[in-house]
Amino acid sequence: MTRIAVDFGTGNTVISYFNETLQKTQVLQIPNITTVMKYRLDGDKQEREVAVIPSLIYYGQEETLVGDQVLSRGLAEHPDTFRWMKRSIAHRVTKRKKTAQGHKSPIEAGTDFLKLVLGYASDRLSLHEDEFTFTVPTEA
């Protein structure tokens, strides 16, 4: 059993897990879904990297895309793309948005996003045997 934490963020989502062999937490990288974010800590000259999943879901006519799939195809600003889902969910926004796959609410988009991301991660995680922790916004 692996311990997994999912931080469904407003702008980015991060999935981390505790690596028993190395006895440390690692961030899960999912090919074509995660993107690498570079950052520096205050006063640190060393550039660091972390794999994040852009919190985006695109409902196309033929396919549903998440994370870096959306960014790499230039669909972040497309009318069929949801972003800021977490913020909308936390503020209880119920207005549905018209997409190529029908009308979707922020809650449906957030649910679909997490299901797809976890599905893509399922080759590295056991969705039935692992222990999951999900963060939630304090206002929720």
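Analyst: A residue is called buried when its relative accessible area is under 20%. Of the 140 residues of the chain, 37% count as buried. The model is predicted, and the values are computed from it.

User: Why is the pair of phenylalanine 132 and phenylalanine 134 called stacked?

Analyst: The structure holds three aromatic pairs. In the pair of phenylalanine 132 and phenylalanine 134, the ring centres are 5.9 Å apart and the planes are at 15°, so the pair is stacked. The cut-offs are centres within 6.5 Å for a pair and planes under 30 degrees apart for stacking.

User: Are these two phenylalanines buried, exposed or partly exposed, and how do you know?

Analyst: Partly exposed is the label between buried, under 20%, and exposed, over 50%. Phenylalanine 132 has 23% relative accessibility, so it counts as partly exposed. Phenylalanine 134, at 41%, therefore also counts as partly exposed.

User: What makes the phi of asparagine 32 worth a remark?

Analyst: Most residues other than glycine have a negative phi. Asparagine 32 is not a glycine, and its phi is positive, about 70°. Asparagine 32 sits in the loop between strand 3 (24-27) and strand 4 (35-39). Its relative accessible area is 60%, so asparagine 32 is exposed.

User: What is the phi of tryptophan 84, and where is this residue?

Analyst: Tryptophan 84 has a positive phi near 60° and is a residue other than glycine. The loop between strand 8 (81-82) and helix 2 (85-90) contains tryptophan 84. With a relative accessible area of 37%, tryptophan 84 is partly exposed.

User: Why is threonine 111 called partly exposed, and where does it lie?

Analyst: Threonine 111 belongs to helix 3 (residues 106-121). Its relative accessible area is 34%, so threonine 111 is partly exposed. Threonine 111 and methionine 85 are 26 residues apart along the chain, and their C-alpha atoms are separated by 9.6 Å.

User: Which residues does glutamate 47 touch, and why is it called partly exposed?

Analyst: Not counting residues up to four places away in sequence, glutamate 47 touches Lys38, Tyr39 and Arg40. A contact means heavy atoms within 4.5 Å. Glutamate 47 is in the loop between strand 4 and strand 5 (48-54). At 41% relative accessibility, it therefore counts as partly exposed.

User: What is arginine 124 in contact with, and how do you know that it is partly exposed?

Analyst: Leaving aside neighbours within four places in sequence, arginine 124 is in contact with Tyr17, Leu28 and Gln29. The loop that holds arginine 124 runs between helix 3 and strand 11 (131-134). From C-alpha to C-alpha, arginine 124 is 8.9 Å from isoleucine 30, and the two are 94 residues apart in sequence. The relative accessibility of arginine 124 is 46%, so it counts as partly exposed.

How values were computed:
Residues numbered from 1 in each chain as written. Predicted model: local features only at pLDDT ≥ 70, side-chain atom pairs only at ≥ 80, totals over all residues. Heavy atoms only, no water. Buried < 20%, exposed > 50% of the residue type's maximum accessible area, 1.4 Å probe, protein only. Phe/Tyr/Trp six-rings, centres within 6.5 Å; stacked < 30°, edge-to-face > 60°. Helix = DSSP H or I, 4+ residues; strand = E, 2+ residues; numbered from the N terminus.
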